[in-house]
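This briefing covers one protein chain, taken topic by topic. Please read it alongside the sequence and coordinates.

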Amino acid sequence: MAHLFGIRHHGPGCARSLVRALEALKPDCVLVEGPPEADELVGAVLQAGMNPPVALLSYCPDEPGLAIYHPFAEFSPEWQALRWAATNGVPVRFIDLAVAHSLAMTKVQRESEDEAKDSPREDPLGELAKAAGYADGEAWWNHQVEERGDGEELFSAIAEAMTALRAEVGETDTRDLLREAQMRQGLRAAQKEGFERIAVVCGAWHLPALQANVTAKADTTLLKDGLAGCPKLKVAATWVPWTNRLLTRASGYGAGIASPGWYEHLWADTGARRSIGWLARVAALMRERDLDCSSAHLIEAARLADTLAALRGRPAPGLEELHEATRTVLTLGDEAMLAFVADALVVGDRLGTVPPDLPTVPLQRDLEQTQKSLRLKAEALRKTLDLDLRQPNDLARSHLLHRLKLLDLPWGEIAQVGRSSRGSFHELWTLQWQPEFALRLIEASRFGQTVAQAAANRAIERSAQTEALGELAALIDAVLLADLPAAVPAATQALQDRAALTGDAGQLLAALPPLAQVFRYGNVRQTDASLVSHLLDSLIVRGAIALPLAATALDDEAAATLRTQLLAAHSAVGLRDAEDQTAAWRKALEQLAGLPTAHELLQGLATRLLLDAGDWTSERAAQQLSLHLSAGADAPKAAAWLDGFLNRNAVVLLHDATVWGLVDAWLAGLGEAHFVQVLPLVRRSFAQFSAGERRDLGQRAVQGAVAADPQAGADWDEARAVLPLPTLRLLMGLNA
């Protein structure tokens, strides 16, 4: 006889009731909604090192992009059913549609033009929630099912509700119909084997379909017709770690829940003091952040939660009541403080683990061994890692993180602030492991069996496919940071070949910054800078030759793009600091500054760069400024030149009286029509200055100072200035 248990895929109340029901029934066979390809992996649920949340990853080895996850938390009813069967030595099988068929259908759907027409199915519990006076199906199911644990009687009520609901909603989609046909076939197969007490654990939505009177022939025909035309795929399966965050609906998981951390608490703490335990966790979280939370706060919050539950006719406070009590008593209405409570407790940051001897690809095994040897633990919690590159272990950690980024596996992101600058011996990383990295490792395994080999081969492939010089230069930087000498010649040769065929100044300039970074700071990481020096030198000269011509006949948008590239390239030339290359670059800037056909933004920028480098005197720069800001100059062009010359830096205006006077005279001499026309452009230029710089400029304008010292000409009232001196002497203990 079959006993059907309709559950929610991740529900602690369902899980607790299911365990009680299994203990009472003592079934001789357990059938679970899940992938049949994973039957041989069920025994791993009792192994040491298997700590949920985890997921069954089923994928196609020939096409790793085709994959599906079946997540399990400790409070998932299916997980508890698997553990109960394994503990009691009862045969257990998955009876869902084979993953090979499901992935084949997905592949066909991706290749068809009708994929975009599919729409997500609405929550079927919404109607029941609406009838009961709840805002949504999640809240209704929580209060009626998950915050209870009634044993086998609960499943009778669920079956009755789902039967009525499905009769009202109507038939489900085609894939669900095929899955349900396969589940009925699995149940028939178990009955033919002679099992007498069969426990079937499935999603509550499928319960009426498994109870329906459908013949085996009808199911066979349905499966045959539904799978016709689908390709045959080879599928492999393994266990992978998972996180609470990926159990949420917000992560895109179709069977996701809103509060895995709360469900975890419900599973672990079922007593009458459940609300006290939750509020104690909130208090501990607040105290970790130095926020006030006393015992009196907790007592009052617990009383309020109990009162709210009583007013709403509920036997005990749920998450909603505890949330309101926390907001009212503990955070005093501060919603911002509730955000970290929701993130850390309602969702949680738990990352599961799996036994090391489970089947996996060699690349993943190499990564796990490397993580262990470098003492780098994969964690779901975001953390900061400060590496000292002078230490061998830290340098090896840096190499590993850079190699993983080349494999599109960004376990770590390098920070752009603090001591992480390229010129220091430190790298500051932010690490956060994501469970989907397991699938990316499988996809990357085609490049090699070790992380170093796979990253090098991936870089070689990218160098052959990449056309943009800037991207190739960045790739060279990346392979050197990752210490992949085998990939350097391929990337360097690809850059040389592409550069030889292009005269595009934008591409040539974009290639300079990454190469200059390698040349300048390679010694910090024990990298041979000579690998790129000759290439960098040739690109600087070619970029300098192409720059003046590239700056002509540009619209404002193209000029702004070239401005950004020009500034980055100028910094790169400064990092290289070679006499011949610097001279060629200076000559290009001088040509650009005086080129009548060049865009005014770039002319002004070239003038400013020459002035800042000391190649031009302030008098020569003032001549250019006077020329471009003369009364006869077109106002928008003059404003564009001024925008380039100021270069988002007010120092030259604050400390050069000649430049100040010329700009002041130009603005003062504009007619009303010209002033109205140019005002938005000038305001845009001055808006780039810092608040302190704008304040200093305003003070200088008010004072009308013409000297280099902004304080010159200030009026002092000496009589008022000496008034506080006696008090200051008294406070400082000085003799009068």
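In this predicted model, the buried residues of helix α10 are Pro260, Gly261, Trp262, Tyr263, Glu264, His265, Leu266 and Trp267. They make up 8 of the 9 residues of the helix, which spans residues 260–268, so α10 is largely enclosed by the rest of the structure.

**Overall form**

- Along the principal axes, the C-alpha atoms occupy a box of roughly 100 × 75 × 55 Å.
- Of the 736 residues, 49% are buried.
- Among contacts with a separation of 6 or more, 74% link residues 24 or more positions apart.

**Surface and charge**

- The chain exposes about 35,400 Å², and carbon and sulfur atoms supply 53% of that area.
- There are 70 positive and 93 negative charges, and their mean positions lie 3 Å apart.

**Confidence**

- Mean pLDDT for the chain is 84, with 91% of residues at 70 or more.
- Confidence is highest in strand β2 (residues 29–32), at a mean of 95, and lowest in helix α4 (residues 125–132), at 69.
- Over residues 115–120, pLDDT stays under 50, and the model has 3 contacts beyond four places in sequence for this stretch.
- Residues 705–713 also stay under 50 in pLDDT, and for them the model has 17 contacts beyond four places in sequence.

**Two buried positions**

- Leu233 sits in the loop between α9 (216–226) and β7 (236–241).
- With a relative accessible area of 16%, Leu233 falls under the 20% cut-off and is therefore buried.
- Beyond four places in sequence, the contacts of Leu233 are Cys60, Glu63, Leu66, Ala100, Leu103 and Ala104.
- Leu233 and Ala284 are 51 residues apart along the chain, and their C-alpha atoms are separated by 51 Å.
- His70 belongs to strand β4 (residues 63–72).
- The relative accessibility of His70 is 19%, which is under the 20% limit, so His70 counts as buried.
- Leaving out residues up to four places away in sequence, His70 touches Pro35, Val54, Ala55, Leu56 and Val99.

**Backbone geometry**

- Most residues other than glycine have a negative phi, and most peptide bonds are trans.
- The bond joining Pro52 and Pro53 is cis, with omega about 10°.
- Pro53 lies in the loop between β2 and β3 (54–60).
- Asp290 has a positive phi, near 60°, and is a residue other than glycine.
- The loop that holds Asp290 runs between α11 (274–288) and α12 (295–311).
- Asp290 has a relative accessible area of 73%, over the 50% cut-off, and is therefore exposed.
- Arg375, another residue other than glycine, has a positive phi near 55°.
- Arg375 is in the loop between α15 (362–373) and β8 (383–388).
- At 61% relative accessibility, Arg375 is over the 50% limit, so Arg375 counts as exposed.

Technical notes:
Residues numbered from 1 in each chain as written. Predicted model: local features only at pLDDT ≥ 70, side-chain atom pairs only at ≥ 80, totals over all residues. Heavy atoms only, no water. pLDDT = per-residue confidence, 0-100. Helix = DSSP H or I, 4+ residues; strand = E, 2+ residues; numbered from the N terminus. Contact = heavy atoms within 4.5 Å. Buried < 20%, exposed > 50% of the residue type's maximum accessible area, 1.4 Å probe, protein only. Areas by Shrake-Rupley, 256 points an atom, 1.4 Å probe, with all protein chains shown as cover. Lys, Arg positive; Asp, Glu negative; His and termini not counted. Charge placed at Lys NZ, Arg CZ, Asp CG, Glu CD.
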